[in-house]
Every structure is written in structure tokens, then in C-alpha cells.
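Take a look at the model below. This report walks through a few of its features, one at a time.

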Amino acid sequence: MSQRAIRWSAIGLFAFGLAALWLTRGIHDDKEALKYIGCAQDVLCGDLGDLVGNYKGYAAYVLFLEPFVAIG
């Protein structure tokens, strides 16, 4: 598979994931988003407590945020 095909496949999967989150969970307001960003920061630091406890239903959303939190 060529690099271009891999890139477009990744973009397609990413867009599909966003659409699935939006359809199943709706749009989050600012305070909710801050909670999930905080949880993503905790996961990057090795603390999985909130991810598997409080935010289990939103784990896919938190893991989606990981790359963005990692790059700042």
C-alpha cells in the first residue's frame, strides 16, 4: 500500500471516528471537554483511574484526544 493510500485511509478512519462520536455522544460543551482533556493528560502520565472508572463510556473520546494533548 502506498503512503498516499495509507494517509487517506487514516484520514477516513479519523473522520469516521469523529462522526461516530458525534452521533452517539453529541457535542460536548467547554466544561465537559476540559474534563476529558484532563483525563487524557492523566493517561499520558500513566494514571488510568479516571479512564477505566469515571469516564469509561467516553474512553474512545479521551483516547482520541491523546495525540492532541501530547503535542500541546
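This is a predicted model: local features need pLDDT of at least 70, side-chain atom pairs count only at pLDDT 80 or more; totals for chains, interfaces and linings use all residues.

## Helix α1 and what follows

Helix α1 itself covers residues 3-25, a run of 23 residues. From its first C-alpha to its last, the helix reaches 32 Å. That is close to the 33 Å expected at 1.5 Å a residue.

## Tryptophan 8

Helix α1 also holds tryptophan 8. Is tryptophan 8 buried or exposed? Its relative accessible area is 52%. Exposed means over 50%, so tryptophan 8 counts as exposed.

Now compare sequence with space. Tryptophan 8 and proline 67 are 59 residues apart in sequence. Their C-alpha atoms lie 18 Å apart.

## Glutamate 66

Move on to helix α4, residues 59-71, where glutamate 66 lies. Glutamate 66 is buried, yet it has no salt bridge. Where is the nearest side chain of opposite charge? It belongs to lysine 35, and it is 16 Å away. A salt bridge needs the charged atoms within 4 Å.

Which residues does glutamate 66 touch, leaving out those up to four places away in sequence? They are Ala40, Val43 and Leu44.

## Aromatic rings

Finally, look at the rings. The count of aromatic pairs comes to three. One aromatic cluster is formed by Phe14, Phe64 and Phe68.

Note on methods:
Residues are numbered from 1 along each chain as its sequence is written. Side-chain values use heavy atoms; hydrogens and water are left out. Rings of Phe, Tyr and Trp (its six-membered ring) pair if their centres lie within 6.5 Å; planes under 30 degrees apart count as stacked, over 60 as edge-to-face and the rest as tilted. Helices (H or I, at least four residues) and strands (E, at least two) are DSSP runs, numbered from the N terminus. The expected span of a helix is 1.5 Å times one less than its number of residues. Buried means under 20% relative accessible area, exposed over 50%, partly exposed in between (1.4 Å probe, protein chains only). Lys and Arg count as positive and Asp and Glu as negative; His and the chain ends are not counted. Contact means heavy atoms within 4.5 Å.
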